[in-house]
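Subject: The structure, and what I found in it

Hi,

Here is the structure I promised to pass on. Have a look at it first, then read my notes below with the picture open beside you.

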Amino acid sequence: MRRKPLLSLFWLLLSLVAGLQAQAAGAASEVDGLSAEQWLDRLSHSYREIDYRGVFTHELGSRLQSLRILHAVIDGKEYERLEYLDGEDRSVARHEHSLNCIHQGHRLRRAVETTASDTRYPALSDYYTLSVAPGERIAGRDVVELRVEPQDVYRFAHRLMLDRETGLVLQSELLDGRDRTLERFRFSTIEIGAAIERAEFAGEAYQAQHRVAVTDGQSHTMPWHPGWVPQGFELAGGDGSGANDMQTYTDGMAVFSIFLEARPMQAEGQARRGATVAYGRPVVIEGAPWSITVVGEIPQLTARRIANSIVIGAAP
Amino acid sequence: MNEQQREAVSALVDGEASELEVRRLLRSDHADEVAAIWTRHQRVRSLMRREDQRFGHLDISAQVMARLEAEPALRRRPHWWKPAGGVAVAASVAALVVFGLAPPEYAGSASPQVAASSPVYPVQMAPAQRAAQGNVAVSAMGQYPLVQRRESLDDDAVMQQRMDRLLLRHTEQAALNSGEGIISFARVASFDAP
């Protein structure tokens, strides 16, 4: 079949523009005509907007557990359920999460959509290097490999395997500075586009809380703030229960939370499990014992530096 | 006791026995004989090194064993929190220590509120130096009030629960922001933390 000349010209122009863009970004790779940034954008939509059910494994060092996930959009609202298949029988669920509820993390990953029109948000590519390449098969589906590598030492690298058809994450790994895998999620079976009834989300489960006190990086409304966070991290929410004892920050890929609690801590301490670290220390405020704890999927160094920078008073 | 076993004891004295050899020796039916050879070897060794011989005749192994058996068994805890530096000391060590001192500004501060109206000042107080010096002795504490007992094993369990709770709260936010959605909850250790 012959293409119409006008259409050919259109394709030629489009590929020229795409080629120039890729050159400007320093990475020439594209898969299925989509750049790494565009795959990231796709990912940020697919995991929320598609219906799927599957079983995945979660690996932390030598520890391995299996979980079943159920996800559907019913009347424009997300329904999610996660069941732990090993050990103690437990589940967690989040129901009726509106798709219009866009969090800071979503915004940062959707840089290709937002930064052109809205300069308030930093581009994720300012502090991560993105690349994309065709990958092996996972859970019986073809994937593309998306690498998101930090340009500094304050965050981990991500190696993501996305479903080539939908952009859904089928495997995700967090890697430290020496390229060692700290944690891995990997689907073993997945049914995408499954018909899922609302009734399937019933059943006993811990209901995940959705407490967001601040909107869009309004750190100046908070009674305390970190004096330092790595470049690109934006306030994503605080605890809305009135205690004001928690703030969460994200750069679009990594997330950490800071807790400033009016309770003593016996000693400075730290914890690490897979990619998750916690660093805590006692502090004295107005003669009373308080504690600062930073929890997140970030290097220990970062957590420590953030915890040591906390300032009482609103951000300037 | 055969020649091979004697050689193994010899190697053990020199610190050159393999793990397998040590296990075999400890399991063997000649424990007393092994102990006798061990003692003889040690004596010869310390003689050759001209070490103090005054306590050479004492065998305190039985008392040590008795005391070890009397020790309460350590509970196995699914731990992830530990004091900084990775030193999980027994509760009996360092009964009283003070963790962190208020900087002079706090001690002299007259205004009690930590509201937005108060000046912005850092909470931090030279943590690096403090950590390097180790914990300050109680006597050095002066007017600063924050004295706390070293965590006992039970306090440790409380700390564990507290961390699990913070991890859960963090994950609730992370799930909304990380691009993994509810999958993030695979990291949560417990949903019953108070």
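A definition before we start: a helix axis here is a line fitted to C-alpha atoms over the stretch in contact, and the angle between two axes runs from 0 to 180 degrees between their N-to-C directions. Also keep in mind that this is a predicted model.

**Helices of chain B**

Two packed helices are described by the angle between their axes and the distance between the axes. Start with helix H1 (residues 3-13) of chain B and helix H2 (residues 19-27) of chain B: their axes come within 10 Å and cross at roughly 120°. That angle makes H1(B) oblique to H2(B), and the crossing of the two is left-handed. On the H1(B) side, the contact is made by B:Gln5, B:Ala8, B:Val9, B:Ala11 and B:Leu12, while H2(B) brings B:Glu21, B:Val22, B:Arg24 and B:Leu25. Sorted by class, the residues of this contact are six nonpolar, one polar and two charged.

Now, at what angle do H1(B) and H3(B) pack? The answer is about 45°, with the axes 10 Å apart. So H1(B) is oblique to H3(B) as well, and this crossing is right-handed. From H1(B), the residues making the contact are B:Arg6, B:Val9, B:Ser10 and B:Val13. From H3(B) they are B:Val34, B:Ile37, B:Trp38, B:His41, B:Gln42 and B:Arg45. By class, that gives five nonpolar, three polar and two charged residues.

Helix H3 itself covers residues 31-48 of chain B, which is 18 residues. From first C-alpha to last it reaches 26 Å, close to the 26 Å expected at 1.5 Å a residue. Just after H3(B), B:Arg50 takes a positive phi of about 55°.

**The sheet of chain A**

Strands of a sheet pair through backbone hydrogen bonds, either parallel or antiparallel. Chain A has an open sheet of 10 strands with mixed pairing, in the order E5-E6-E7-E8-E9-E1-E2-E3-E4-E10. Which strands stand at the edges? They are E5 and strand E10 (206-207) of chain A, each with a single partner strand, so one side of each has no neighbour in the sheet.

- Strand E1 (residues 52-60) and strand E2 (residues 63-74) of chain A are antiparallel, with nine bridges. A:Val55 stands opposite A:Arg68 in E2(A). Two residues lie between the strands, and A:Gly61 in the turn has a positive phi of about 60°.
- E2(A) goes on to pair antiparallel with strand E3 (residues 77-84) of chain A through eight bridges. Here A:Ala72 faces A:Tyr79 in E3(A). This hairpin has two residues between its strands, with A:Asp75 at a positive phi near 50°.
- Strand E5 (residues 128-138) and strand E6 (residues 141-150) of chain A run antiparallel, joined by nine bridges. Opposite A:Pro134 you will find A:Val144 in E6(A). Again two residues sit between the strands, and A:Ala139 takes a positive phi near 50°.

How values were computed. Residues are numbered from 1 along each chain as its sequence is written. Chains are lettered from A and ligands numbered from 1 in the order in which they are written. This is a predicted model: local features need pLDDT of at least 70, side-chain atom pairs count only at pLDDT 80 or more; totals for chains, interfaces and linings use all residues. Helices (H or I, at least four residues) and strands (E, at least two) are DSSP runs, numbered from the N terminus. Angles under 35 degrees count as roughly parallel, over 145 as roughly antiparallel, 65 to 115 as roughly perpendicular and the rest as oblique. A crossing is left-handed if the near helix is turned anticlockwise from the far one by less than a right angle, and right-handed if clockwise. Two residues are in contact if their C-beta atoms, placed from the backbone, lie within 7 Å. Ala, Val, Leu, Ile, Met, Phe, Trp, Tyr, Cys and Pro count as nonpolar, Asp, Glu, Lys and Arg as charged, and the others, Gly among them, as polar. Two strands pair if DSSP finds at least two bridges between them. The expected span of a helix is 1.5 Å times one less than its number of residues.
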